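Subject: Structure handover

Hi,

Here is the structure for you to look through. My notes on charges, contacts and backbone follow below it.

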Amino acid sequence: MAGRTAEMSWRGRQPHGLLDIGVQPSGAVWEYMQKDGGVLTYVYRVTKYDPADRDEHGHYTGSEDTVSDHGEVEAAYLQAVASFAGDTAIDHLVVREPQIPSLAHFGVEPPVDGFGLDGLFPFGPAGFYDGAEVSLDLALELVRIMLRDSGAGCRLEVEDTFAVHVGWDQYLYISSSRPCEKALARTRGLGLFPERMAVSPYAFEAGQEGVQRPGDDEFWSDLHRAVATGRAGILEETYLGGASRWHHLTRETIETVRAGLAPRARLAVWPRLSSDIDAVLGALPEEGLVEGVWQDEDGRMHSAIADEDEFPELSARIACASAAAIMSVYEGESAPLCTAVMPDNDGVLRARWRTESTPSDREWALRRSQG
């Protein structure tokens with residue numbers, strides 16, 4: 001299944017089974033990768049798995065478990081990150097592409113309340129957003145969450161200087177602009193195994209081609225017109241990978257909604273909800289996965305994802321709504337009117353994640369190229 005709400009973790013690209021072979025590129029490719037600026041020069045895979053216990057295919061055959069011990073070994077991982085950060089002379093990192101599980105939890109360990117984020121940020125989990133700068137101590141706690149598969153995940157980076165990525169099965173990738181010889185020795189002394197690689201498999205990979213539309217003044221001006229003419233009525237704000245909230249749009253509320261959006265949120269504009277509740281409920285399929293979106297009598301927006309076993313409960317909740325819609329979560333079956341990603345306060349679009357282009361987005365890109 002694929003769709004706008006069924007977002008699997010970017011960590012899911014890493015296969016289970018402790019394979020994870022680090023194949024080095026040729027000298028020419030290595031030189032290109034360094035000059036290209038997309039890859040830090042020194043990349044290390046840090047694990048508790050002794051390379052001597054791998055077979056000829058790179059599979060680990062030893063006795064180490066694939067989950068965190070929540071003890072000395074986990075602490076060694078965190079000390080290793082701290083050592084590499086110290087050798088690189090950084091004490092803060094930036095959260096990139098933060099995510100939480102959406103439809104399912106893919107971690108080895110059971111999920112925990114708050115996805116492991118409770119109590120970490122001064123202003124609550126709202127501090128966990130793309131571009132948030134965190135202290136090294138807080139970054140280490142985020143690494144701990146990912147080592148434990150507690151739910152929350154992200155990349156932690158300092159642009160062109162340092163990066164920490166956590167994959168499945170206790171695979172940790174540390175990248176630096178410096179060789180970090182002291183950190184390497186310290187990591188080995190902690191009983192871990194740092195191995196040089198060409199690139200982390202969790203380094204950011206660009207999505208589809210094309211220009212990403214920013215949620216700038218032009219976008220909001222277009223949205224004002226779409227709402228005024230009745231073409232648009234609700235806004236989906238994806239504020240974390242796997243997490244979204246819905247906003248009812250009127251000419252009077254658009255600017256209030258805009259002011260309250262999370263930094264670098266992904267936006268999708270949808271038609272107005274229908275007040276014909278019977279017709280909405282009649283559109284439920286016999287089976288499959290859908291997302292119900294509805295507005296209660298007090299004007300509050302709600303949403304829920306349900307399959308056929310949960311349709312009766314979803315129907316009961318929507319039956320009391322003032323307006324609602326049923327949307328398929330399968331790719332190609334429900335599409336927004338247009339999309340955008342919020343730029344930073346200075347107007348620069350620094351978010352690297354992208355929205356799936358709609359016909360309206362492509363028309364905007366064409367106008368932009370001709371203007």
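First, a definition: a patch is made of residues with over 30% relative accessible area and no salt bridge, with like charges joined within 9 Å and nonpolar side chains (Val, Leu, Ile, Met, Phe, Trp, Tyr) within 5 Å. Lys and Arg count as positive and Asp and Glu as negative; His and the chain ends are not counted. A charge is placed at NZ of Lys, CZ of Arg, CG of Asp or CD of Glu. Areas come from the Shrake-Rupley method with a 1.4 Å probe, and for residues only the protein chains shown count as cover.

This is a predicted model: local features need pLDDT of at least 70 and side-chain atom pairs pLDDT 80 or more, while totals for chains, interfaces and linings use all residues. Residues are numbered from 1 along each chain as its sequence is written, and side-chain values use heavy atoms, without hydrogens or water.

**Surface patch**
E286, E287, E308, D309, E310 and E313 form a negative surface patch. E286 sits in the loop between α7 (277-282) and β11 (290-295). Helices (H or I, at least four residues) and strands (E, at least two) are DSSP runs, numbered from the N terminus. E286 is exposed, at 80% relative accessibility. Here buried means under 20% relative accessible area, exposed over 50%, and partly exposed in between (1.4 Å probe, protein chains only).

**Salt bridges**
The whole structure holds 20 salt bridges, each a side-chain nitrogen of Lys or Arg within 4 Å of a carboxyl oxygen of Asp or Glu.

- E195 and R45 pair at 3.1 Å, N to O. They link distant parts of the chain: E195 is in strand β7 (residues 193-197), R45 in strand β1, 150 residues apart. E195 is buried at 17%, and R45 is buried at 5%.
- E141 and R144 also pair, with the closest N and O atoms 3.1 Å apart. Both lie in helix α3 (residues 136-147), three residues apart, about one turn of the helix.
- E237 and R245 meet at 2.8 Å, N to O. E237 is buried at 0%, whereas R245 is partly exposed at 34%.

A network of salt bridges links R96, E97, D130, R155, E157, R264, D344, D346, R350 and R352.

**Backbone**
E97 is not a glycine, yet has a positive phi near 45°. E97 lies in strand β2 (residues 92-99) and is buried at 4% relative accessibility.

Best wishes
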